[in-house]
Amino acid sequence: MPPAGVIIKADDLWKTYDMGAAIQVHALSGVSFSVDRGEYVAIMGPSGSGKSTLMNLIGCLDSPTRGTYWLNGQMVSELSDDELAYIRNKEIGFVFQTFNLLSRASALHNVELPLIYSGMPAKERLERAGEALRKVDLADRMHHKPNELSGGQRQRVAIARALVNNPSIILADEPTGNLDSATGEDIMELFARLHEVGNTILLVTHEHDIAAHAHRIIHVRDGRIERDERISDE
Amino acid sequence: MASISQTAALPHPRSRAGSGAWLTIREAFWIALEALRAHKLRSFLTLLGVVIATTTLIVVMSLINGMNLYIADHIANLGANVFVVHQFQWAQSFEDYLKARRRNKPIRIEEFEYLRDNLKDYRNIGAQADTQNIDSSARYQDHSVFDVDIVGATPNMIDIGEEKVASGRYITDPDYQHESMVCFIGQDLVDAFFPSVDPLDKEILVNGIPFRVVGVAEKIGTTFGASQDNFVEIPLTTYRKFFSARPSLLVNVQAWDAEQMIMLEDETRALLRARRHVPYREDDNFGINASDTLMETWHQITGAVFGVTIGIVAVFMVVGGIVIMNIMLASVTERTHEIGIRKSLGARRRDILAQFVIESSVLAGVGGGLGVLLALMVSQAVNLIVGPGFFNSSIPVSAVLVGLVLSTSVGLFFGIYPASQAAKLDPIEALRTEN
């Protein structure tokens, strides 16, 4: 078991796909790293480098073929589907490139969703969801549907949704990929603020400019960690 | 900007709060209604099978229910503890009826007198004969009424039957003995002939023969839309003189109580069989009709109708269920991305399963509700067209409940397979699906 300050501990993670006829493809071949509480980490790599696979493992959407993965003091590399769902609900706040909001639901209801699956009573749920939307400066857009919001606003709804369950990590996958650069900067500023107040943030991207916002960059290539560099605070 | 706090290591209970399942169910209801609203036409077409099945079930149940009440009220009600000896059994299959008409001899006046003299202990025994309103008419001055039921009766029929005297008197023993030309008339004739005049002591022509009105009956009402108040009752002796010398009789036997009635029926049967020399193994060649046997036969008939209905409804429901299953499978495919989002946010297999099972149950339940509404309209229409005198086919609550529960269960059952397909989806694959 990793020490208390360590929120992510990955030890020799392998992800192997059987392509039939005894051909095996290693998406990840022995990845080890750890992340402390409160860190702001970018995971960088070109497409096909295995960073998406790594993100799926970190996000508990998938289990490694081999290796151990500790998240917030729990070994999650060998859990069942439903146990992983529970971990995702409690420990992870996802922010996706394509926002992944429910199009027919209001911003408030979208933010409420993780709390519904954690079984919180309605009154408390609405309070918490409203508070999360206020944190991303969308208090006046609570009852708007995603198609009534701009791209930047949609991404902020998604960030509010990621925050609402007080997760151990916020896992953002190309969060600015679908936004123009000005809006992208706004979103990155929001992440910076979230980091300042103590959230642990993992950012998956292939853009240097975006990765530069983080304080540590893990470079992934060919299923391995190529370089793990720390950037001192400017 | 409010501060964003980071909670330190959370405790990790393995199971969630008990209220979680309930919350998921509420969320699923919300989703189901939203989906219905988003695809109104598609949902309606999907539900047609279930709607028709529910409507059929409820309409037939309410018709049978209405007719049961009706039969109990009007037809089977022969008066307290009365049974009727007639040429044949009333409620039976049509073939049996035809056979009985061919084979059985009518009950004649001698047999009535024989029973009257030989039955040991009864409260009353009377006889009636009627023309069965064929080619019969009644006239008063310029007014005529056709298809009048001309009934010859013994004076004690007023104590046995259901008729009551509204004004005047019934046929008396002297009328009977002297073959008097007097009559006791129903309300339809009063309405037609004497709307503003006292009918008593007026002379009317029954099939051209003059009779003096001595009494008027209370209104009875209608049976299956046919008025029961269109009659003229005259002494049986007079009837034999003018209409039929040897009429087929309905002998009404009244027992003291329900218990004695059974014994009295047996005694009557034994006497008549002996008199008619019916061999030991052969069936009666006459009918003994009582309320309970009538009801029993009636229930056999409606039971058969109901059985057929159950079959039809089952077929409709299965077809409707398969259509629902099909649309739910399409819905799962359509909403793969949504399922991916929900799973990424922590929805477990059972949450997704519940969502889709509830959605198809709600869908089918709404179909059942529409079926109930349609059934209401159909029964209203039946009442409007046939008239309120026909069975008051009020929809029984049980029929509505059965319809709703059945349709919802069909949705639940046929939703299980699509829902399990949805629950099994891999979150990564599902998230990658674009739509």
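In chain B, the C-alpha centres of domain 1 and domain 2 sit 54 Å apart. Domain 1 covers 21–72 + 297–432 and domain 2 covers 105–285, with bounds taken from an automatic or database domain assignment. The model is a predicted one, so local features need pLDDT of at least 70 and side-chain atom pairs count only at pLDDT 80 or more, while totals for chains, interfaces and linings use all residues. Residues are numbered from 1 along each chain as its sequence is written, and chains are lettered from A and ligands numbered from 1 in the order in which they are written.

Chain B holds 14 helices and 14 strands, taken as DSSP runs numbered from the N terminus (H or I, at least four residues, for helices; E, at least two, for strands). Of its 435 residues, 40% count as buried, that is, with 20 or more other C-beta atoms within 10 Å of their own, all placed from the backbone. Among contacts in chain B with a separation of 6 or more, 82% come from residues 24 or more positions apart; a contact here puts two such C-beta atoms within 7 Å.

Over in chain A, helix H3 (residues 107–117) and helix H4 (residues 122–135) have axes that come within 9 Å and cross at roughly 125 degrees. These axes are lines fitted to C-alpha atoms over the stretch in contact, with angles from 0 to 180 degrees between N-to-C directions. H3(A) and H4(A) are therefore oblique to each other. Residues meeting across the pair include A:Val111 and A:Leu115 in H3(A), and A:Leu126 and A:Ala129 in H4(A).

Terms used
Parallel < 35°, antiparallel > 145°, perpendicular 65-115°, else oblique. Buried ≥ 20, exposed ≤ 12 C-beta atoms within 10 Å, placed from the backbone.
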